[in-house]
Every structure is written in C-alpha cells, then in structure tokens.
Amino acid sequence: INLPVFFEFLFFYPCRQLGWLAVAIFFVISGFCIHLSYSQSSKPDLTAFYVRRFFRIYPPYVLALLLFGFLFPYSQILFSRWSDWVRLLAHLLLVHNLSFNLGAVSASYWTIAVETQLYLLFPVLLILVRRYSFTKALWIVGIIQFSLQAFTASSFGLYHIPPFLISASPFFYWFSWSVGAALCDAYLKGQPLPFRRVPPWLWFMAAMATSGFAAHEFCFPFFALATVSLFARILENNALCERPSRFGQFLRVTGTYSYSIYLIHHPLLVAVTENYKRFFPGIEHNPFLMFCAGLSSALIIFPLGGLCYHFVEKPSIAFGKRLLQR
C-alpha cells in the first residue's frame, strides 16, 4: 500500500464530504428561513415574498457576476465566441445549472440558480400542504427526488456524470429543501418537531456509507436529514435561546455575511491558490500545502464578504423593503 496516498485519502475524502454536507445544510436552512419569512409576514403574500427575495438575492448576485465575469482575471469570460454570451445570459436568467456547458465564472453559482428555482416551486409545496398535509407533501416531493436520484444512480453509476438537466435541477433537491420548511412549520405551530426521533448520527452514517458507491446521489438527502434531525433537537431543547459564546457570536456574524461570502469566495480562492503557485513553484504537488494555501484565502474572503454585505447586500434589502412600503 502507498502510505502517502492512503493518508491523503484519509484526510481529503472527509473534507470533500463535509463540503457536500455544507451544501445540504445550506438547503435545509434555506427551506426553514424561506417558510419562516413567508409565515411570519403580517399578511402572507407571494408577491411581497418574491419582491423581498429578489432584492435579497439578485442585485448582489448580478454585481458579483459582472465583476468576476468581466474584470477579474481568474474568472472572466473571454467573449470570444457567441456561446460565451449565451453563458452570460444563462447566468443572468439563473438557468446555468441546467447545462454543464453554461457553467462559468464561479463553480458555486449553480446552487444560487437551484435555490431560485426552488423559490418558484415554493407555491407548489404550499398547495400540496394545504390540500393534504406537510407529511404527505414531503412524501410526494421525496418520491420525486429519490426517483430522479435512483435513475441517475442506475443509469450513470459512479464514474459517469449524469445530465445537469436532471442532477442539477431543483427537483433533484426538492425534498432536501422542503424538510427545512416542514421543520419550520411544525415549530411555528407548536407541533411535535419532525425527524427528531432518528439520531442525526444515523443519517450521517448513512450519508457516508452511500457517498463512495454507485448510489452516491443518496448521500445528499441523508446529509439533509442529519441536519434537520440535529436542528429539531436544538429547537426542542430551546438551545437557540441561550446566550451565545464568543464562538457562537462569530457564527452569527458569519451567518449574516454568509451570502456575500458565498458570492465572492470561489473566484478569490482560485486567485489566492494560483498566486501561491506563482510565488512558490512546485507547491501544487503537495496537496497539504495547497490545502493550507486555500484555507488562508479566508483572511481575504471574510472581510471582503463583510464589506459586500454592508455596502451591497444590506442596501439592496433596504431598497426592497422601501418598495414594498410604497
């Protein structure tokens, strides 16, 4: 056995899975917060909901897209072909997640497109809930998501990339997003919280068990279920009401800046690591040094994310609120 390769696998494989876990956490929290925002309105209204979402998400996204797409050398689109303009248009319309050929600028922006499309599916989820119940609605969206994931697992396996039209569509993550909304609904109504009976570690183990096999598509909903199970236990114990520690306060600030950080992090991460390669030739051959180089980019990304929040994201949110008041 090659010990260096073995130790690299032990270190980086969990890191890769934790990155996938972070996306699942993002979708669960998004589902929770979207349902919370809609339900706590004095008069729940889909038009007002979409206006708030638009000014919360789109203007900062477009600014980051244009900045990194036109000016930033490590992510800019060259516009040497007509397909480059199609790629830009797909990003502006938030449909670039549906084709691999439309991806550009930042590898992480596909989740923003999926998130926006899940917003469009939110009224469908509400209709299902009103007609049946949240439990039955979860069964319906769960069957849709797991059917798509079973199809990609059986048709493409571990070593072939399924079509993005399926694997990056909002239906592929509908259940994983909706469980957050279901948790929020039960919490607001004072009902027994769902998913609290199964311990989070069991879902997490299921996710890790499926992550390396032909059924690796199923690790994402298992990560989502682990997340919602953990959040249900936190809410049940009223842990959110406790005074946060310094680390908890740091997490709250990070959560406030999270969207701005997400918008800028990948191009800046690429820029930092490329400059490390430039000034320290050969560093790319040492995965651990490259990992540390990428980690150091947080020293730039976090403060810039804070500035982006205060000077771009926050004014955009305020403008949306003033528009609704008028």
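Reader: What relative accessibility does Cys-184 have, and is Cys-184 buried or exposed?
Author: This is a predicted model, in which local features need pLDDT of at least 70 and side-chain atom pairs count only at pLDDT 80 or more, while totals for chains, interfaces and linings use all residues. Residues are numbered from 1 along each chain as its sequence is written, and side-chain values use heavy atoms, with hydrogens and water left out. Buried means under 20% relative accessible area, exposed over 50% and partly exposed in between, for a 1.4 Å probe and protein chains only. Cys-184 counts as buried, because its relative accessibility is 0%.

Reader: How many disulfides are there, and how far is the sulfur of Cys-33 from the closest cysteine sulfur?
Author: A disulfide is taken as a pair of cysteine sulfur atoms within 2.5 Å. By this rule the count is zero disulfides. The closest cysteine sulfur to that of Cys-33 belongs to Cys-184 and is too far for a bond, at 7.9 Å.

Reader: Which residue forms a salt bridge with Arg-56?
Author: A salt bridge requires a side-chain nitrogen of Lys or Arg within 4 Å of a carboxyl oxygen of Asp or Glu, and the whole structure holds six. For Arg-56 the closest N and O atoms are 2.4 Å apart, the partner being Glu-313. The pair links helix H2 to helix H12 (residues 298-325), across 257 residues.

Reader: Which residues are linked with Asp-84 in a network of salt bridges?
Author: Asp-84 meets Arg-87 at 2.8 Å, N to O. These two are separated by about one helical turn, because they lie three residues apart in helix H3 (residues 82-92). Asp-84 is buried at 4% relative accessible area, and Arg-87 is buried at 13%. The residues linked with Asp-84 in the network are Arg-81 and Arg-87.

Reader: Why is the pair of Phe-146 and Phe-218 classed as it is?
Author: Rings of Phe, Tyr and Trp (its six-membered ring) pair if their centres lie within 6.5 Å; planes under 30 degrees apart count as stacked, over 60 as edge-to-face and the rest as tilted. Of the 32 aromatic pairs, that of Tyr-38 and Phe-49 is edge-to-face, because its centres are 6.2 Å apart and its planes at 90°. Phe-146 and Phe-218 have centres 5.8 Å apart and planes at 15°, so this pair is stacked.

Reader: How many residues of H9 are buried?
Author: Helix H9 (residues 219-236) reaches 26 Å from its first C-alpha to its last, close to the 26 Å expected; the expected span is 1.5 Å times one less than the number of residues. Just after H9, Asn-238 takes a positive phi of about 55°. H9 is mostly covered, and of its 18 residues the number buried is 13.

Methods:
Helices (H or I, at least four residues) and strands (E, at least two) are DSSP runs, numbered from the N terminus.
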